[in-house]
Amino acid sequence: MYNHFKTEILKIRSYKTFWIIHILYFAIILLVISGVKLLLNFLAEQGEKIENIDPGAIPVFQFPDIWHNLTWIAGIFRIVPAIFIIISITNEISYNTLRQNIIDGLSRKDFLRSKLSLILFISVLSTLYLFILGLVMGLINTGHIETKYIFLYIPFLAGHFLEIFIYLLIALFTGLWISRAGLAMILLLLYSYVIEPIVTFRIDSALISGFFPIKAINNLIRFPFTKYALREVQDHLTWQDTGIAVFYAFLFIWLTYLILRRRDL
Amino acid sequence: MKNIISTDQLTKRYRNITAVNHLDLEIPEHSVFGILGPNGSGKTTTLGMILDVINPTSGTYSWFGNRNKKENRKRIGSILESPAFYPYLSAVSNLKIVARIKNRPYNNIDEVLSLVGLSGRKNDKYKTYSLGMKQRLAIASALLCDPSVLVLDEPTNGLDPQGIAEIRDIIKKLADEKKTVILASHLLDEVQKVCTHFGVLNHGELIYKGNVEEVSRDEHLVEVSTDDNNALLKILNDFPEQLGVKEENGKFNVMLKPSVSVSDFSRYLYEQGIFPTHLLTKRKNLEQQFLEILNQPENV
């Protein structure tokens, strides 16, 4: 696997698109997080209230809430690295390099392994970034730091890792299946932001809708902010959510392999 | 002689057409084997199957007498159809990827690049290359890991005459080094110049397999003309030892039976009172052989 990963690094190291997309991804997260922080400060100065609470007193970016809030906000932008994965796999098809890699001596499984290593790398990078960002923001914003609270909600980082990893797997599958970058991106956007949300919205059983792939990864990190209006929020990863998500990880790896194995390149 | 590859009833069917039909192909070690055939005869499909990028409908193949596909491909240098590289990477980076896939060190990248004359541009991005340079990089990539077999599909596509001559020299050098080269081409002249063996595919079937030297040995072709071509034509048609007469640009191409020598033919003309103004002995070439094979009624 490590050897395949090094091949993949050679492919992306001097690929401008890789750098642009990922710098954009990390920059957007930073910007939005700081934006939310500035907005809350601004509202507090103006004496505005959100549902009768002083915005300055909401501990959005304080330990331990920060891990939940940060990972939820970052999840909005998972489409950015997903677009890179689609570009990466459709490039391999349109440049005929997928075929050439096989001719040169990779098996189809090896090729899948090398793309999985790339996805793993990006997911780890994103998780690491949020860890550092969360730590820094938490240390700045938390007034009185109690060590036992710093890492209380840290499992959400694992949730973020799973969320990105699986979403990128879905992107890989879509890109390989559709073969064309533009079409694959449209399909992925349409499915994850229109089709599945409508379908799951119409299903009134949360149990059943939880079995749809996008809903399954969304369920890992539930919407956190309602807790500041004193509503109950699931503030931990459940075994059931994690189990369904992991099932989808395996399913999409298997489906991707199936396409790779059957297709004439 | 050992076979470097043998296929057993290899078949590829697409919806309505059979691209390759129960092909039994054996290619001996240390040969330069030319695969000939008109467009759409199944050359690339066959190569695609033995390189594992096209799934056969049925049948099997084995390289080096074993079935370890992945490891075998690492010992083969190959280009299939057009060169395939990452356009945003330099020649060197592209070759590093190939070396990595084949589990080989980077140390002969410079050597193969200079062999194909790309040293001066080795750090430029692939997308800035001309078609000929892309083709050269593909050859360099095929040679990169000192393969024991080369599979080249139309290797001279897009090359200028000088480039074609260089590729020919490279192939000859490989043959001297006792490597096996499998060359698919529709340039018959190329095949005749470099190949030791050849096979002809048509409609996905191997319709002929032979030795390139033998093609030019069997029968001779004589080109002849005189002042009175009408009389000449009559006399040529009466000549019992000929296999065919064709007029071309005011000259006649006469195919002679293998048993007849050119001097026999010359004596016959003299006896008939014909004194040719032009008499040229031609070696029969692969092109004629190829067209003959394709035109035989059972192959049409």
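Visitor: What share of chain B's 300 residues counts as buried?

Guide: Of the 300 residues of chain B, 52% count as buried. Buried means under 20% relative accessible area, exposed over 50%, and partly exposed in between, with a 1.4 Å probe and protein chains only. This is a predicted model, where local features need pLDDT of at least 70, side-chain atom pairs count only at pLDDT 80 or more, and totals for chains, interfaces and linings use all residues. Residues are numbered from 1 along each chain as its sequence is written, chains are lettered from A and ligands numbered from 1 in the order written, and side-chain values use heavy atoms, leaving out hydrogens and water.

Visitor: And chain A, how much is buried?

Guide: For chain A, 50% of the 265 residues count as buried.

Visitor: What secondary structure does chain A have?

Guide: Chain A has 12 helices and zero strands. Chain B has 11 helices and 14 strands. Helices (H or I, at least four residues) and strands (E, at least two) are DSSP runs, numbered from the N terminus.

Visitor: How does the radius of gyration of chain A agree with a compact globule?

Guide: Chain A has 20 Å; a compact globule with 265 residues would be near 18 Å, which agrees. The radius is taken over C-alpha atoms, and the globule rule is 2.2 Å times the number of residues to the power 0.38.

Visitor: Switching to strands. Which way do E12(B) and E13(B) run?

Guide: Antiparallel. Six bridges join E12 (residues 242-248) of chain B to E13 (residues 251-256) of chain B. Two strands pair if DSSP finds at least two bridges between them. Glu247(B) stands opposite Phe252(B) in E13(B).

Visitor: What sits in the turn of that hairpin?

Guide: Two residues lie between E12(B) and E13(B). Asn249(B), in the turn, has a positive phi of about 55°.

Visitor: Now Gly59(B). Where is it found?

Guide: Gly59(B) is in strand E5 (residues 58-63) of chain B.

Visitor: Why does Gly59(B) count as partly exposed?

Guide: Because its relative accessibility is 34%.

Visitor: What is Gly59(B) in contact with, beyond its sequence neighbours?

Guide: Leaving aside neighbours within four places in sequence, Gly59(B) is in contact with Asp8(B), Gln9(B) and Leu10(B). Contact means heavy atoms within 4.5 Å. The C-alpha atoms of Gly59(B) and Lys12(B) are separated by 8.8 Å, with the two residues 47 apart along the chain.

Visitor: Last one. What box does chain B fill?

Guide: Its C-alpha atoms fill roughly 75 × 45 × 35 Å along the principal axes. The C-alpha trace of chain A spans about 65 × 45 × 30 Å.
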